[in-house]
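User: Can you walk me through the strands in this one? Keep it quick, please.

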Amino acid sequence: QVQLVESGGGSVQTGGSLRLSCAASGSIYRPNVMGWYRQAPGKQRELVATMTIGGITNYADSVKGRFTISRESAKNTVYLQMNSLKPEDTAVYYCSLQQPSWMPGTRNYWGKGTLVTVSS
């Protein structure tokens, strides 16, 4: 089993910054992908950013240039630095971990989420 615990959410005004953290524990194998997704009220969960253990990143177009994902692989920790926040970034942000493709059974894990609210 894998547990993911997020922290760092909160309320901020437009143009502000927040940094999210996520620590993973349990049976974690390599190579894996860690990342962040978000779900706004009334909308589907969407990709924000992911990062492979080798450092390859993938960002949603809506956050490119404003958000930066990073990770400390030795600690199974991933971060999301969010700058120039906009009201449309308001959502519950979920940490994710995807185990290697060679693993059988459950490969995708999620945290419980942390709320980010951006006011205008």
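Analyst: Here is a short tour of the strand pairing. One caution: this is a predicted model.

User: Fine. What is the strand order in the open sheet of 4 strands?

Analyst: The order is β1-β3-β8-β7. The pairing is antiparallel.

User: And which are the edge strands?

Analyst: β1, residues 2-7, and β7, residues 67-72. Each of these pairs on one side only.

User: What does the twist average from one strand to the next?

Analyst: It averages 15°.

User: Let's look at β3 and β8. How many bridges join them?

Analyst: There are 6 bridges. β3 covers residues 18-26, β8 covers 77-82, and the two run antiparallel. For a landmark, find A23: T77 in β8 stands opposite.

User: Switching topic. What do β4 and β5 form?

Analyst: A hairpin, with 6 residues between the strands. β4 spans 33-39 and β5 spans 46-52. They run antiparallel, joined by 6 bridges. M34 has M51 in β5 as its bridge partner.

User: Which residue in the turn has a positive phi?

Analyst: G42, with a phi of about 75°.

Terms used
Residues numbered from 1 in each chain as written. Predicted model: local features only at pLDDT ≥ 70, side-chain atom pairs only at ≥ 80, totals over all residues. Heavy atoms only, no water. Pairing = 2+ DSSP bridges. Axes fitted to C-alpha atoms, helices over the stretch in contact; angles between N-to-C directions.
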